Amino acid sequence: MDSEQLFLDQFEAQSEAEVSWLKKMFVFITQHVCPVLTGPAPPAADELLTGGAVSDVCVSLSVCVVKTLQENMAATHTLPVSYRPMSVSELVSRQHLACVSHLSWSTNQHRVWAREAELSLPGNKALPRVNLLLIGCLREGRGGEWRLMDSSGSIRCECLSPSPQWLNRPVFLPHWNYIPHNASGQDEAGGFMELTGSPVLLCPGPEQGLAAVGGGEGLRAVGVREAAGLLHNRVRGQRLSVCGQVGSVCPLLVVAGTTFFCFTLTEDKHMLPVLVKDSSRLWWSQCVCVGQSVCVTELRVCVLRGWRGNNILCVTDQSEIHTDYTPTHTPVDDTHTEPQSDTPPSVMSHADNNGCEEAEPETDVVQSGVRMKWSRVISYQGTVTEVVSEGAGLYMIDRKVGLCLVYQPSLRRRLRAGDRVELHHVHFLYRPCPDFPPSMLCTCLRSSLRVTGFSRVGLSPPDSACPSDGALPRLLLEKNTGVSEYLWACHLSSRLSHSLVPSVVMRQCVCVLSWRLMEFVWRRGTGGRRDIYSEMLDEPHTCPLAQYSVDPSVPQYLSLSELSQSLQSTCWSSVCLSSLLPPGGSSLTSSQINAALSWSCRTLSSDPRTGETLRRRPLLLVGVLELPSQTSEHKHTLQLRDGAAAVSCVVTETSEEEEGGQRAAFNTAWIGCLVCVQQFTMVTERFLQSDFPSYQHLDQDEFITHKHCRVYLQFSLDHLHILSPSVAMATHLRQRGVESGGDITDRKQTEKTEGGQTAGRKRRRREASSSHSASSVAMTTGPVGVGSWPCVSVVLRVEQKEGVSWRNTGAEVGLTLHFSIRAAVIGPVVSWGRDPKNGPMTDREIEKEKEEKVVLVFSGVSARWFPLLQPGCLYRLTAANTQDPSVLIGCGVSGWSEVELHTDSALQVQSDWRFHTLTRPLLLHTFRQALSPTVLSVSDVLDSSSELVCFQGLVSDRISVNNRTTDSGHTHTGVRLTVCDQSGRSLQVYLDLSHTPYPPGLLPGNTLLLSAFQRRLSRSGGVYCSDSPVSSVSVVSLAQSSSARPPPAPMMHLGLWALSREQRSPVGRVKGHVVCFLFVQLQWSCSLCGSLYTQSCSSSGCPSSSSVFQSKAKLVMDDGTGEAHVWFSDDLVRPLLGLAGSQWEGLQRALRVKGHIRVYPRGRSLVCDADSDNSLLHFLLCVCSSDVVCRSLSLTCRKHNNWRPDEMRTFSRGDRDFMTRTTRPLQLTCLHLDTD
Ligand SMILES: [Zn+2]
Ligand SMILES: [Zn+2]
């Protein structure tokens, strides 16, 4: 009571409020601060009991506190009655929000401060202000921590530039932030303080001058150079005091339970390493800053075994550090040192970092490959503007420079947006990874990162996208990959966690998955071990960041929704309609233009090195392969799905036959596999309905009545990288491994022999098996475990597959998807205790005596099996959850005892039945012979006489055949494909698409298998094919590249070609000499109706106002075996006549008035239309008879269909009439003028 009065007497309290505030302060200091000061230290226990000395201390301390507070107020000598003293434990337990306290600030000052913070970091809120007083004692904690302590507890403090003199002194904190535990998500209980201003020392401490410590004992502080000499000649027991400038400060490391750090002292060119390992001196790590002048006392010379046995100065428990020390003695030979050479590198900031952005020419991605580059070591200061990934140690500074801290131990205090940082000895990398900003700063064990200003905003809530579990840094520590690879994996991980989690993979798998994908894509092994002491102390400096790889064409991941959006959005914008027309498009009439525009397609490559692509870098896709879903617009294909989207895929795979060609995908084990696709083609098919009146109107969108596009992918399953196999795939690969003698470990050899199909297959197997063995990636979808339920199965060989179509089955309302297959039954129905899936075929599944047939009917949901059921392949059909064999037996089953399938019985495939491909290694040896149905070539079909054919051919051309217009706007009901074989002989195939789901992949360059097509003869005897209700089409091999051309048409001799009555080779190449021109016609025609056009259309009532210039020529050609009449039109006429572009334009102008001209250079006595312009006529006659035009030509021609029998002609000679039979010469239309 007395002491409180004693205290109150010191102040002239103005009001009741002030009195009560003063009383509260006194109680607080007595309770919470005094015990800390007096507790463990000298004042003896008996004194504490008597209380006399204690209360004296309390009174004087309280007086000191209040006076200091008054001095620190904005309005001096007022009492801060609105501030409440708070104990550490109360702060930790009561304050759940991050907050700030500024004792001396006015409300306005705080408002300005908050506004500045929020302006510089949009979207963030400045810390709210609290009026709390924190008074306690600063003490060292564990592992180099500083803590504020009062009698109730302690809390970690982060300081900007702490002074050693603050330790063990009562202080009050005028400016601080408090970051509670929950806001930071850190595991430390109770959060921490950030001292934004220096603490105010409450009572004078002992003098800690250098003289007091060192001088008194006669120890002399030596310079770095002198000490370096002493370091080399170690004297046992010798203690040194060294003064110098701090050159570098390494981060605190914990190795085998020991915490330590190193720093270096420099003077001129000399450098001394100092090791701080003594736990009572670890707090120095917060005081020592690069560039500071310090004096360190009581250092011992030690041998550091970890650092190749080099000597190092060690801090002892008697050592003291004196910061901002000015040496009293001047080095004698200071004059002849190079000026500035040893000062720390000048600090760069954003303003002057133009110097660090290397001016590199933007080289073409396609050409530049991987390069190794050296990083530069710099210093930098800036503001953290974004926490990219806390767990992966990635930040942005000044909005444009990336910061990667992963090569250092993680920071005790997490960086947050708004922190000012100063980095010394940091590696500057330029474009280490194209997914990050070009300028990257990376810290190694030599680097120091010091926060020079605490952020004014709180922590943003942890981003769910960032791999915060820290798996990536752990993998880096384990594998020591380069920084470029690490950054790529981090980026991929954040992208995958958006696109795959949670529906495809679990969150905790994403990091491992990304890492594995990085190792696969970059094809890098693990790096060398890191040597921590060399990294921290060696001169010259070496570390994993010294060199880095730069690969501007490293693959870029795209999610499937990004991919399809990107393709859809660029589908029309990327194309100029006139480019979709055939050559000479300007001479096409309206109907020709609209027909030509009605279908077009765009194929993009996944890799810019192999063709046009979507991005500048090769692309990479990740997804699960699945059967088409009910909502998929493509029912013919598998789909690739990720968390947000699915894309249809036309897939092929290597056939199991010995020759190993490509065929349509058949292996059901792919269903449910998580795969990475790197080599693929992106296809956009465009459908356009238009009524453009002429070529000139193509830029006017109002003539487009409807347009849409279809997007899908094409790839071979051989090029996939399996990230997580399905159960069936794992079984399949295991079987493969057994089959090939288990040589799956023989990696080096296979890598060297990569290239062929077999190598591709081997690689796939190898990768898949490796990913399976390390199957820490578990999937949440796909087949779940090996089925443990009983089931029945039967093995079938598909012999024929019908095309999928929409049918009114009557079972359901409206149209349902439907198809059927005809299959041979290999053996009896077998029952199993657990689902055998695609396990090896057993003896009891085979019955050799008879092979019966069954028709499997798929409709509705079960029609989704269409893409993977292929003729010639064996499947195990399983019906789960039953032991009743009759479910798999077609109608008309006789009885239980004798379970068998009746010939051609029909079986409706239920939605829960599964097909499992039994691939070759799984089969018993008796079934290993090739069993594929007879597939003809195009030539075989041309020469055959059967009515229903199954053949394979390369698509060389495709056009839409629109024979009706529907209200729905879809008029592309028909397609005409031109398919050819290796001989170049070709055939036209007509497909009616009105009752089938749209089949993707019918593109020029792809090879198709067309089964059950009708071979027909045209009226003129030409062979063509058309589909029937049972026909099916599948893509068996994909275009090698978009520029690949079909083989040239076969070479024909005119004499033989003329004789062949049947139209077996409609297209051929001929080489011969131009005998003469029969006629040349040039005409301006109406673009709508084709009539002659002069000022307007000559046809009455035609509204057209546009015309096209059309030309035609006919000549006689002789190749030595015979003659032919060859027709040329439009874009072929000008090169035929050898006219320059300007001459051609001149002709067009000259004909504007009259509209047309027709010349007959030979025959009919050189007549032409009576009143034609003579000069024009003579010009054309001259051209037609010139040697330039009458030359040897090489042409690709189509033989005319309108073949007619020989003509009878009547000649008159004198008064007699003669009748003669004349053979009509071979009529050809030139398709292409070959230049040679
Ligand atoms: Zn380094
Ligand atoms: Zn007209």
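I began with α23 and α24, whose crossing is left-handed. The model I am reading is a predicted one. For this pair I noted the contact residues: Gln1143, Leu1147 and Ala1150 on α23, and Leu1176, Phe1179 and Leu1180 on α24. Sorted by class, the contact has five nonpolar residues, one polar residue and no charged residues. I then looked up the geometry: α23 covers residues 1141–1150 and α24 covers residues 1174–1185, and the two pack at an angle of about 145 degrees with axes 11 Å apart.

Next I turned to α12 (residues 483–499) and α13 (residues 507–522). Their axes are 8 Å apart and the packing angle is about 135 degrees. That angle makes α12 oblique to α13, because the oblique class takes in angles between 115 and 145 degrees. I recorded the crossing of α12 and α13 as right-handed. On the α12 side, the residues in contact include Tyr486, Trp488, Leu492 and Leu496; on the α13 side, they include Val510, Leu513, Trp515, Leu517 and Trp522. By class I have 13 nonpolar, four polar and two charged residues in the contact of α12 with α13.

Asn480 is not a glycine, yet its phi is positive, about 50 degrees.

I then went to the metals. Which residues coordinate the zinc ion (ligand 1)? I found His427 (NE2), Cys444 (SG), His541 (NE2) and Cys543 (SG), at 1.9 to 2.2 Å. The spacing of these donor residues in sequence is H-x16-C-x96-H-x1-C. The angles among the four donor atoms run from 96 to 117 degrees, which makes the arrangement around the zinc ion (ligand 1) tetrahedral. For reference I wrote down that the ideal angle for four tetrahedral donors is 109.5 degrees.

Pro540 sits in the loop between α14 (532–537) and β26 (547–550).

Last, I looked up the zinc ion (ligand 2). Its donors are Cys1086, Cys1089, Cys1097 and Cys1102, each through SG, at 2.2 to 2.3 Å. In sequence they follow the spacing C-x2-C-x7-C-x4-C. The site of the zinc ion (ligand 2) is tetrahedral, with angles of 100 to 120 degrees among its four donor atoms.

Terms used
Residues are numbered from 1 along each chain as its sequence is written. Chains are lettered from A and ligands numbered from 1 in the order in which they are written. This is a predicted model: local features need pLDDT of at least 70, side-chain atom pairs count only at pLDDT 80 or more; totals for chains, interfaces and linings use all residues. Side-chain values use heavy atoms; hydrogens and water are left out. Axes are lines fitted to C-alpha atoms, for helices over the stretch in contact, and angles run from 0 to 180 degrees between N-to-C directions. Helices (H or I, at least four residues) and strands (E, at least two) are DSSP runs, numbered from the N terminus. Angles under 35 degrees count as roughly parallel, over 145 as roughly antiparallel, 65 to 115 as roughly perpendicular and the rest as oblique. A crossing is left-handed if the near helix is turned anticlockwise from the far one by less than a right angle, and right-handed if clockwise. Contact means heavy atoms within 4.5 Å. Ala, Val, Leu, Ile, Met, Phe, Trp, Tyr, Cys and Pro count as nonpolar, Asp, Glu, Lys and Arg as charged, and the others, Gly among them, as polar. Donors are N, O and S atoms within 2.8 Å of the metal (3.2 Å for Na, K and Ca); water is not among the atoms, so sites may look incomplete. Four donors count as tetrahedral if all angles lie between 85 and 135 degrees; four count as square planar and six as octahedral if opposite donors are over 155 degrees apart and all others between 65 and 115; anything else is irregular.
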